[in-house]
Amino acid sequence: MRQVIVGNHAVSWGARLARVEVISAYPITPQTQVVEKLSEMCANGTLAARFIKVESEHSAMAACVGASAAGARAFTATSSHGLVFMHEMLHWAAGGRHPIVMANVNRALGPGWNIWTDQNDSLSQRDTGWVQLYCETNQEVLDTAIQAFKLAEAVDLPVMLVLDAFYLSHTAEPVDIPDQEMVDRFLPPRTARLKLDVNEPRAFGALVRPDSYMEMRWLQQEAMREVPHVLERIEADWLRMFGRRYGAIEGYRTEDAELLLVTSGTVTSTARFVVDRRRDEGEAIGLVKVKMFRPFPTAGLRRLLAGVARVAVLDRNVSPGHGGIFAEETRSALYDLPSGDRPEVYGYVLGLGGRDVTPSVIDEVIDRTRQCAQPEREDVWVGVNP
Amino acid sequence: MPCGARSSRGRPVSSRSAGRATRRGIPPVSVSGTSTLVTHTGSWKYIWPVYHDRVAPCNRGCPVGIDIEGYLNLMREDRVADARRLLLAENPMPAVTGRVCHHPCESACNRGMFDAAVSIHAVERMLGDLALQEPLSDSVAPRRDERVAVVGSGPAGLSCAYHLSRFGYHVTVFEAASAPGGMLRQGIPEYRLPRAILDGEIERIRALGVEMRCGVRVGADLPWERVLADFDALFVASGAHASRALGVEGEDGTGVRPGLAFLREVNAGARPSVGRRVVVVGGGNTAMDCARSALRLGASVTVLYRRTRAEMPAIADEVEEADREGVAFAFLAAPVGFHVVHGTLRAVECERMALGEPDASGRRRPESTGERFTLLADTVLTAIGESPDLDALPPDLARRDSGVRVDPLGRTSRAAVFAGGDVTEAPRTVADALGAGKRAAVGIDRQLRARPREPRDADDLEALRFGGGNISALRWLGRDPVARVAPVNEVVTFEELNLNHFVKVARRRDTHARPERARATFDEVNRGLTREEAEEEARRCLNCGVCTHCDVCLIFCPDLAISRNGDGAYRIALDYCKGCGVCVAECPRGAIVMTREGP
């Protein structure tokens, strides 16, 4: 069934088709539509889930942790300050190995108060132990929402589905909504490996002494390491059943490229347009879309970028005092390539707080990368008027 | 760490202890070996919660001293018969007060600040009517030998007789009129208080064994000293029957008469001629009763009051009903003379007043303006207040201008003589009279048993009061039937309630006869609520300060430290209560408090 829907509703549809059992959420712009639609679905009986209203995002995640511990398929959605307010509970979800799925609509953090898109909210949760998947289109949002549950439940890790504020959240696109029956075959009901049992009461998340804590973190790391392989299998199934595939990382027109852009989120679509134009003009240029930020797709990135002369990383985020976060991670992934294969990595910070990243902005990035023989010591801020 | 340990997959380098741990099979999540019962979080606390029932503001506000919250709670539990018993234990005449009381309980009701006060009077009235239709057999205390005389059968006298009788005494009530009831019968018109209701409630008192001797005016027909000799104690509740004079020339002349005399005549069934135009002077309940009674005799009626509507002492509902029925009001006006032509009253000369500074009563004082106007009138009824006839009282009783001086238990300056109601300085309401009668009954019982419960009177009395309100007969008997964990005599304020647990529900309005029909007869105007409506209305009670076993504390306790005993009461497992206070904060009705001392 094809429908023209906004990205927020694509999330809602994904959660509905995944037959989530517990939703706990607190409203925040630009996410609110996600849970509004879900509460409608609960109210009109099209979704048999328990919708828990709470007084804060911290409690929303706490309720999801409780639900997940009890064996339920739990979901929430948030954005920006809501996400960072959840921070403590994100650790509880991940450390407790609860396969919760959350949609985060990327929105800049205040102050100054800003409701437009920016990746700093989700990237500042980098080390909480959540899988992070950045989407480019509303179709990808819906598909990823369903896949996220399968992935999360396979490795017992929580998954954060990320989409840009307004460019996706409030922009309507044609989206193919899969049949429930097919989705049910793809994603059977959750069978929790470990869950609360009133007949055998135990506490989860109990005290762990130094002689075991590290082992638990190691097991978490092992699970993270499984994610790319599991995601690949999941995507293969999805491709077979629904005819679509995205990849944790995607190379676009990378053949014989001298310059590759590294992008994430909706900037990717704009960059594809610029790459196509420049390819038509004869430039050896392509792009690499990073969908999965955690675990970081080091192997895939090395495979695609090795031997390319120059790489320009477009960061709609910044780690103050350092630089663009994707650029840092990319450099780190490429650092120990043999020097002949290792590209020069040019970092660009742009589009913060929802500033438009238009084709001409990307042209400027490409031109600058071509002109400069060496990257600057610090990542370049594009379009700043000091 | 050897260099070779770093592989492409970043395998861990095992120290010995970690290696052992891994081989033991560390689970991915830390899971306790047993339930959390082993964790005695109770050791963290330095303060902890105690269930601590307190007093609802309605109970304190009631001059009769009724456990209003208690009977509303019994209604909520569908224990209607128990609710009636609890009500009747404190108030001998609920069908009367449900109709004519000014219900200060409702003004005090915390719910008034949430949406609208509980319609307590309507619930009381329904229970009172039910008790008349289906009497319950109630046991009374064993009979005693002492005899008590009660002079006056108004609400104070009847209340005293009722409670004394329930305490086990032989009581004889002397009434000067031909039928008991005092001002209830003589002053309050039938459209407010049908005689069948009044008769029914008096009959119930008589059925307890109270002897009623009507047509006997003590002091005139029977000497006071004789009564004092024949009885062990005497309660004087002879009321205030003398209408205050206006102090205007001509008020004793044709067409001008005391409102109370007029009411007495109408209430006895007479239909005196009042002409076409009646002017009533005054702003109290007697004035309203005169005005609406005159209306029912076919007159057009104007109430003359020297202040404004806001200062009127009459019950607001009465004023509103008078207004609806077509009584006219001339505010800020006082009579200064009467126009009599050929022996017939034609008009009242009036003066415009203005409000000045507040007087002793807190109301703004009316002041002359010198401006005059004339109102046509065939009859003027004066209703500016009543005084007791102090000359008719037993000698040697200390008194002030407005009445006999009594202490809180009704004791006068003379041994074995008690007094209460309008003959004292108390507020002149039915509820205050009923309350005074009960206090005197307790005072008489206490004196006759010669067994003060506590060395100091004040302490003794405070323990019997509802949070400083009137005393409870059941507490006096030591038979408070509502299980209370720890009755504490402090009133719960609105701010102490957790309103998140309550939803707004409209107050149910009494049914009234249509004004155009009401003004044509002496039939009862206010029809009250049906039983079903009253039962619903009772459920609006917030049960301020009193545990209703709603389980909110149990649900919210983060340590699951609260459980219910078999009898429904809560138990706090102090091994697990860590003293966080969530139960106190969440309790909808302020019935739990934090304490350093514990239970």
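**Exercise 1.** In what order do the seven strands of the open sheet in chain A lie, and what is their pairing?

*Solution.* The model is predicted: local features need pLDDT of at least 70, side-chain atom pairs count only at pLDDT 80 or more, and totals for chains, interfaces and linings use all residues. Residues are numbered from 1 along each chain as its sequence is written, while chains are lettered from A and ligands numbered from 1 in the order in which they are written.

Step 1. Strands (E, at least two residues) and helices (H or I, at least four) are DSSP runs numbered from the N terminus; two strands pair if DSSP finds at least two bridges between them.

Step 2. The order is 3-2-4-5-7-6-12 in chain A, with mixed pairing.

Step 3. Strand 3 (50–53) and strand 12 (292–294) of chain A each have a single partner strand, so one side of each lacks a neighbour in the sheet.

**Exercise 2.** State how strand 4 and strand 5 of chain A are joined.

*Solution.* Strand 4 (residues 74–79) and strand 5 (residues 101–106) of chain A run parallel and are joined by five bridges. In this pair, Ser79(A) is opposite Val105(A).

**Exercise 3.** Which strands of chain B does helix 15 of chain B lie across?

*Solution.* Step 1. Chain B has an open, parallel sheet of five strands, ordered 4-3-2-5-18.

Step 1. Helix 15 (residues 430–449) of chain B lies across strand 2, strand 5 and strand 18 of chain B; contact requires C-beta atoms, placed from the backbone, within 7 Å.

Step 2. This helix runs at about 165 degrees to strand 5 of chain B, with axes fitted to C-alpha atoms, for helices over the stretch in contact, and angles from 0 to 180 degrees between N-to-C directions.

Note on methods: Two residues are in contact if their C-beta atoms, placed from the backbone, lie within 7 Å.
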